[in-house]
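Okay, thanks everyone, I'll keep this short.

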Amino acid sequence: MKNLLSAADLNRESAIEILDIAEEMAGVNDRDIKKLPTLRGKTVVNLFFEDSTRTRISFELAEKRLSADVINFTAKGSSVSKGESLKDTAQTLEAMGADAVVIRHPSSGAAQILAHSGWIQGSIINAGDGTHEHPTQALLDAYTIRKRFHGSDSVGKGLDGVKVAIVGDILHSRVARSNLLLLNRLGAEVHFVAPPTLLPSNPSNLNAEVHFSLDEILSEIDLDVVMMLRIQSERMNASYFPSEREYSRIWGFNAHRLSKLKDSAIVMHPGPMNRGLEIDAVTADSKQSTVLEQVTNGVSVRMAVLYALLSGERNADVI
Amino acid sequence: MSSNFVLKNVTLAAGDTKDIQVSDGLIVAVGADLAADEMIDCTGLVALPGFVDLHTHLREPGFEQSETVLTGTQSAALGGFTAVHAMANTMPVADTAGVVEQVASLGIEAGYAEVFPIGAVTIGLEGKQLAELGAMANSKAQVKVFSDDGKCVHDPVIMRRALEYVKAFDGVIAQHAQEPRLTEGAQMHEGAVSAELGLTGWPSVAEESIIARDVLLAEHVDSRIHICHLSTAGSVEIIRWAKARGIKVTAEVTPHHLLLTDELVRSYDSVYKVNPPLRTEEDVEALREALIDGTIDIIATDHAPHPIESKDCEWNAAAFGMLGLETAASIAQDVLIESGKSSWTRLAEVLSSAPARIGGDDNQGQMIQTGSVANIVLIDPKATRKVVADSASKSKNSPYVGLELPGRVVHTIFKGYFTVRDAQLAQRGRH
């Protein structure tokens, strides 16, 4: 495998293999000297057309721990307003000899265009394209779920039978799309919970059960995982829902709803959280919250992806 | 080249084999064993009246990097067209007599097809204030079709007034049906595929709600209305209902909406980005049936050239639109002839006589018979061709590159002059 553009690029075996590599990387991250020489001499560019400090520093840390030469290229705004096109940017990086480009872009499909355009030869890793996908987020979420449920016995395992509810702005969420694809491949059962305005009008191609009521699903389904999605500020004044208070009341996760979950169940959030909107402080800071584990695991998983795509020793067909 | 010649052994739309004699720009005889100084063997070729495109973007003035009147009409000639209607969304917008006269005179200068400028309905296509429709109608360009294409005349009062006003000079409003609020930021058809791709949806209802409103407005004020580029099964149902009710509505469909679906967007290749967007297989089927049964009156290309840089980018940044002139006849043949469901007579209607009638083009769309203006296209129906990126258009945004399509335009005759002969474009236009 050369690129990671979509969670759909991974089958069950290759996904589990990346998660297993991430286990080894987590071991490195627990050492005093958190560094491997694997990518010494390789150049990795973090090409960010959209602000995302969290994702960028997570990738940067992963790259540095693998000893890659790291360049951060922040090109804010769309190619049109900036006057420099994605093509020119890509060709510039190619001319500088980038071995891999980690791209975050506001336009859905931008990573795929970059990978298939012929503008650039290096590996492309999608770090979020518009409202399409964010495959490394899905991998780190899967890793986090697996770790919580299988602990030190995780290696080689999928997520068979795990019941996951993804709650919030499904329509605009790249996290939801990538998670759906990956969770399905790993054997989990996925439920989408959202106000009808924040669901795709035609979800027939999405292999998830759709619910409007969070309370109903909490009482009817023995959930293992609740994944809360961030409500972006631009949705708040666009009539997707009447008010933040109403959203929070009906679709927010709070102490009362937390009490309906079994003790082993976890509550996830990709961050940054809107405390008091989609998740309350009691839930966010509870033992069942995995928010900080997700951040930690993100580094291990991104190291694993970089290793799988870039380390020369691996057979290209295996991963 | 002689202006007096005989097309030998042509097959007419009805199926009979005849000779056609052309002299001084007119068909002077259709019969057997005709003779002239120049005899052109047309055995196996179907002769149809020259095609008329009611919806072409020639881009001049203002966007000459995409297309000019010359290159656009050359492309038209290669596609078998002898007339094109040039859309108003140029820079400056064709909203005054001066601009439409300029476009018309550029067409005459080029000499590859008759160019009928379409006038804007509102000043600057802004949908706020009527352009001087009367001045454009009374200008040398004699504009009869008005459209804000690219934008919808969404204000119902402006639309009502426009529909009423053009009755004064037998004009017609061609509506680009797109409810603007329902399509803010829209990138592709809203449906199962957009849900997967994370691209903002362009819902069918945004087209259908405007068509429903406008056929009712047309009925209320007893005006003619033409609907551009129908793209949904629901739009077909509304047009069918309106026609049954006696409303004076005509409708067009583009070649791409008859062939391509939103599944193609999975590539994020912006050559498939078009407005209205590619829809689903069910929509394509409904449009094909409606073209066959007469609910849809015509095929119009919506030929929309864009320079490479407008397409060689990420999906959201790319321009809407695709080429269509040189491939339209093949797609019409696919839908009407290869399907076994219709006839060459119907193909001649949808690509020639009906658009000429809607556009009020006196010298176009005439039957192949004695006395008609010699606008003739000859097609080899048995040929197949693989579409290539190179064409007479200045732009390369054809979605059909690599596809094998049926039929080939062999000769295009524009007022007795071969603009295309043996599939080669004439060095110069007709003068």
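So, which residues have the most contacts inside the largest nonpolar core? Before I answer, keep in mind that this is a predicted model. The core has 242 residues, and the ones with the most contacts inside it are Val101(A), Leu114(A), Val167(A), Leu306(A), Ala47(B), Phe146(B) and Leu378(B). The biggest giver is helix H13 of chain A, residues 291–310, which puts in ten residues.

Let's zoom in on Val167(A). If you skip its neighbours within four places in sequence, Val167(A) is in contact with Val193(A), Ala194(A), Leu214(A), Val226(A), Met227(A), Met228(A), Leu229(A) and Trp251(A).

Now chain A as a whole. You've got 13 helices and nine strands there. Of its 319 residues, 50% are buried. The C-alpha trace spans about 55 × 50 × 35 Å along its principal axes. The radius of gyration is 19 Å, and that agrees with a compact globule, because one with 319 residues would come out near 20 Å. And if you take contacts in chain A between residues at least 6 apart in sequence, 77% join residues at least 24 apart.

Last thing, the contact between the chains. Chain A brings 25 residues and chain B brings 17 residues. On the chain A side, the elements giving two or more residues are helices H3 (79–82), H4 (86–95), H5 (110–116) and H7 (174–185). H5(A) gives the most, with three residues. And what's the make-up of that side of chain A, in nonpolar, polar and charged residues? It's seven nonpolar, 15 polar and three charged.

Key:
Residues are numbered from 1 along each chain as its sequence is written. Chains are lettered from A and ligands numbered from 1 in the order in which they are written. This is a predicted model: local features need pLDDT of at least 70, side-chain atom pairs count only at pLDDT 80 or more; totals for chains, interfaces and linings use all residues. A nonpolar core is a set of buried Ala, Val, Leu, Ile, Met, Phe, Trp, Tyr and Cys residues joined through C-beta atoms within 7 Å. A residue is buried if 20 or more other C-beta atoms lie within 10 Å of its own, exposed if 12 or fewer, and partly exposed in between; C-beta atoms are placed from the backbone. Helices (H or I, at least four residues) and strands (E, at least two) are DSSP runs, numbered from the N terminus. Two residues are in contact if their C-beta atoms, placed from the backbone, lie within 7 Å. The radius of gyration is taken over C-alpha atoms; the globule rule is 2.2 Å times the number of residues to the power 0.38. Ala, Val, Leu, Ile, Met, Phe, Trp, Tyr, Cys and Pro count as nonpolar, Asp, Glu, Lys and Arg as charged, and the others, Gly among them, as polar.
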